[in-house]
Amino acid sequence: MQEESEPILYARIQRQMLGTRLNSIVYLMALFNFLVIPIQNVIYHRREMLYKQVYPFDNTQLRYYIPLICLNFWVGVIITSMLFGELNILGELMMHLNARYIQLGQDLRKVAQHLLNENNVDDMAYSYRQAFTRILRRNVSLNQFGAQVEKQFSFRIFVMFAFSAALLCAMSFKAYTNPSGNIAYVVWFMAKFLELVAFGMLGSILYKTTDELGLMYYLCDWELIVHQSHNAGENVQLMKLLTMAIEVNSRPFFLTGLKYFRVTLAAVIKILQGAFSYFTFLTSMR
């Protein structure tokens, strides 16, 4: 979706992506927390690594320590950028696909208004049916593109959702036991929480749009075309095409994790409820 051709839809996409942008900022904050350890090492004259590691040699020697800690930070950059980068890419694909679905209804209504203004009663239904067919083909192409996106990201979505409850529980429990000493876990918890909520919100937006596609076709002013057209045969063909369009879009589109998880806010809420249940169990056992 280009800003020059569709400024309103493009602006809507940017607003919808604010959650993922905020999530990216929080992940960067979590990454910058690793810089605290080198500063503490200088202040307290220590040579600790960013993560707990065991080396077969004395890594506290300066010739080993400096390249190793730089390598530690670079690994953190790679992992963190992959986390929020993949979310932003998938979010952009979903919202641009959502905008393309919305554009179908807008284009069909424009065609109807144009034909009604021309008032060519003999060819009106035929011209509208031809335009309707082209838009329905675009609809099918979008469905196929969505299926390809799901095939590409399905396993990654499954992994993300399957381990989210355990990760949220572990990070919240770690932060709860020692808040002042585990600031990094608090930031990581916020990042993971925002990631799930933003992703679920985008999935719900796409689900809602595709769920209303059948209604969109039904409300595309076809009845005005049929009412003014004098070609009974074309009117029948148009209504058959409308029925087929509604049947094609009878099932809304949503991304899934190996057909097990649906990317919606409802699924995210269930994950958060599971994480809270595990957290309360751990705190009660502590």
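Predicted model: local features only at pLDDT ≥ 70, side-chain atom pairs only at ≥ 80, totals over all residues.
1. Contact here means heavy atoms within 4.5 Å. Not counting residues up to four places away in sequence, tyrosine 128 touches Leu108, Val111, Ala112, Leu115, Cys220, Asp221, Trp222, Ile225 and Leu238. Tyrosine 128 itself sits in helix α5.

2. Is tyrosine 128 buried or exposed? Its relative accessibility is 0%. Buried means under 20%, so tyrosine 128 counts as buried. Histidine 114 is 14 residues away along the chain. The C-alpha atoms of tyrosine 128 and histidine 114 are separated by 9.7 Å.

3. Next, the core. The largest nonpolar core has 69 residues. Which of them touch the most other members? They are Tyr128, Phe132, Phe161, Phe199 and Tyr217. Helix α4, residues 62-118, gives this core its largest share, 16 residues.

4. Look at α4 beside helix α5, residues 124-162. The two pack at an angle of about 170°. Their axes are 10 Å apart. Angles over 145 degrees count as roughly antiparallel, and α4 and α5 are therefore roughly antiparallel to each other. By class, the residues of this contact divide into 20 nonpolar, 5 polar and 5 charged.

5. Helix α4 also packs with helix α1, residues 7-16. The angle is about 145°, and the axes are 10 Å apart. The crossing of α1 past α4 is right-handed. From α1 come Leu9, Arg12, Ile13 and Gln16. They meet Glu92, Met95, His96, Asn98, Ala99, Ile102, Gln103 and Gln106 in α4. The residues of this contact divide into 5 nonpolar, 5 polar and 2 charged.

6. A further helix pair is α6, residues 164-177, and α11, residues 265-285. How far apart are their axes? The separation is 8 Å, and the packing angle is about 40°. That angle makes α6 oblique to α11. The crossing of α6 past α11 is right-handed.

7. Which residues make the contact of α6 with α11? On the α6 side they are Ser164, Ala165, Leu168, Cys169, Ser172, Phe173 and Tyr176. On the α11 side they are Ile271, Leu272, Ala275, Tyr278, Phe279, Leu282 and Thr283. By class, this contact has 11 nonpolar and 3 polar residues, with no charged ones.

8. Glutamate 195 deserves a look. It lies in helix α7, residues 183-211. Glutamate 195 counts as buried because its relative accessibility is 2%, and the cut-off for buried is under 20%. Leaving aside neighbours within four places in sequence, glutamate 195 is in contact with Asn23, Tyr27, Leu87 and Met160.

9. Now the loop between β1 (256-257) and β2 (261-262), where leucine 258 lies. Leucine 258 is not a glycine, yet has a positive phi of about 55°. At 44% relative accessibility, leucine 258 counts as partly exposed.

10. Lysine 259 is in the loop between β1 and β2 as well. Phi of lysine 259 is near 65°, a positive value in a residue other than glycine. Is lysine 259 buried or exposed? Exposed means over 50% relative accessible area. At 66%, lysine 259 therefore counts as exposed.

Technical notes. Residues numbered from 1 in each chain as written. Heavy atoms only, no water. Core = buried A, V, L, I, M, F, W, Y, C linked by side-chain atoms within 4.5 Å. Buried < 20%, exposed > 50% of the residue type's maximum accessible area, 1.4 Å probe, protein only. Helix = DSSP H or I, 4+ residues; strand = E, 2+ residues; numbered from the N terminus. Axes fitted to C-alpha atoms, helices over the stretch in contact; angles between N-to-C directions. Parallel < 35°, antiparallel > 145°, perpendicular 65-115°, else oblique. Left-handed = near helix turned anticlockwise from the far one by under 90°. Nonpolar A, V, L, I, M, F, W, Y, C, P; charged D, E, K, R; others polar.
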